[in-house]
Amino acid sequence: MSKGKIAIIMGSQSDLRVMSEAAKILEELEVNYELTIVSAHRTPERMMDFAKSARKNGFHAIIAGAGGAAHLPGMVAAYTTLPVIGVPVKSSNSIDGWDSVLSILQMPGGVPVATVALDGAKNAGILAAQIISNFDDNAAKKLENYKNEMREKVLKSAEVVETNGWKSGKVGF
Ligand SMILES: Nc1c(C(=O)O)ncn1[C@@H]1O[C@H](COP(=O)(O)O)[C@@H](O)[C@H]1O
């Protein structure tokens with residue numbers, strides 16, 4: 001198991017549809033993580049306690065996902081000096097996800113949140129593993145393998161498309 005540990009938090013259980021992708025990729029990369037629900041709006045004290053004690057609890061980075069008026073990542077970042085990776089979630093009643101993207105992206109100077117794409121939980125997991133890879137050789141090796149496999153997939157699909165042209169159909173990631 002990895003030396004480091006990542007926290008994956010989200011505003012609601014309804015975010016799990018998206019945020020589970022962060023957990024899956026961390027498992028693939030053999031990085032430890034803990035997963036829970038914390039809401040700045042609905043459980044403000046729990047959010048503050050979580051953020052203030054995250055470093056002492058052994059976490060090396062926090063992935064925070066939320067939809068709508070997504071204050072969770074920014075408020076967690078306000079209470080910790082750990083890196084916070086924000087995942088804007090396109091929740092069911094969102095304004096096409098823009099509400100969440102802008103809430104997480106447009107942080108004031110001094111309180112950064114590393115914001116990934118809308119529903120980009122997989123990239124958040126990879127980024128978190130890359131942070132861990134600074135001191136965990138196994139994570140570094142797993143990331144190297146992941147990149148190699150991705151490259152091989154693309155090269156294979158290029159070959160198929162070059163051979164069969166547009167009739168190759170769509171095989172994506
Ligand atoms: N944006 C936040 C926060 C927060 O930022 O503290 N807490 C919950 N939420 C979001 O509300 C959306 C709807 O939540 P429900 O599905 O529970 O009504 C979710 O996407 C959640 O992340």
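How many residues of E3 are buried? Seven of the seven are, so E3 is largely enclosed by the rest of the structure. The points below set this strand in its surroundings.

1. Basis of the note. The model is predicted: local features need pLDDT of at least 70, side-chain atom pairs count only at pLDDT 80 or more, and totals for chains, interfaces and linings use all residues. Residue numbers start from 1 along each chain, following the sequence as written. Helices (H or I, at least four residues) and strands (E, at least two) are DSSP runs, numbered from the N terminus.

2. The sheet. Five strands form an open sheet in the order E2-E1-E3-E4-E5, with parallel pairing; two strands pair if DSSP finds at least two bridges between them. Strand E2 (32-37) and strand E5 (114-115) are at the edges, each with a single partner strand, so one side of each lacks a neighbour in the sheet.

3. Strand pairing. Strand E1 (residues 5-10) runs parallel to E2 and is joined to it by six bridges, with Ile-8 opposite Leu-35 in E2. E1 also pairs with E3 in the parallel sense, over five bridges; here the bridge partner of Ile-8 is Ile-63. E3 and E4 run parallel and are joined by six bridges, and Ile-62 has Val-84 in E4 as its bridge partner.

4. Burial of E3. Both faces of this strand are covered. Ala-61, Ile-63, Gly-65 and Gly-67 are buried on one side, and Ile-62, Ala-64 and Ala-66 on the other. A residue is buried if 20 or more other C-beta atoms lie within 10 Å of its own, exposed if 12 or fewer, and partly exposed in between, with C-beta atoms placed from the backbone.

5. Helix H3. Helix H3 (residues 72-79) packs on the sheet, where it touches strand E3 (61-67) and strand E4 (84-89), and its direction makes about 150° with that of E3. Axes are lines fitted to C-alpha atoms, for helices over the stretch in contact, and angles run from 0 to 180 degrees between N-to-C directions. Six of the eight residues of H3 are buried, so this helix is largely enclosed by the rest of the structure. The buried residues are Leu-72, Pro-73, Gly-74, Met-75, Val-76 and Ala-77; their cover includes helix H2 (44-53), E3, E4 and H4.

6. Helix H4. Helix H4 (residues 98-105) lies across E3, E4 and E5 and runs at about 165° to E4. Ser-100, Val-101, Ser-103 and Ile-104 are buried in H4, and the buried residues of H4 pack against E3, H3, E4 and E5. Two residues are in contact if their C-beta atoms, placed from the backbone, lie within 7 Å.

7. Helices H1 and H5. Helix H1 (residues 16-28) and helix H5 (residues 121-132) pack at an angle of about 35°, with axes 7 Å apart. The residues of this contact comprise 10 nonpolar, one polar and two charged. Ala, Val, Leu, Ile, Met, Phe, Trp, Tyr, Cys and Pro count as nonpolar, Asp, Glu, Lys and Arg as charged, and the others, Gly among them, as polar.

8. The ligand. Of the 18 residues around the ligand, Gly-11, Ser-12, Ser-14, Ala-40 and Gly-67 come nearest; a residue is near a molecule or strand if its C-beta atom, placed from the backbone, lies within 6 Å of it. The shell has seven nonpolar, nine polar and two charged residues.
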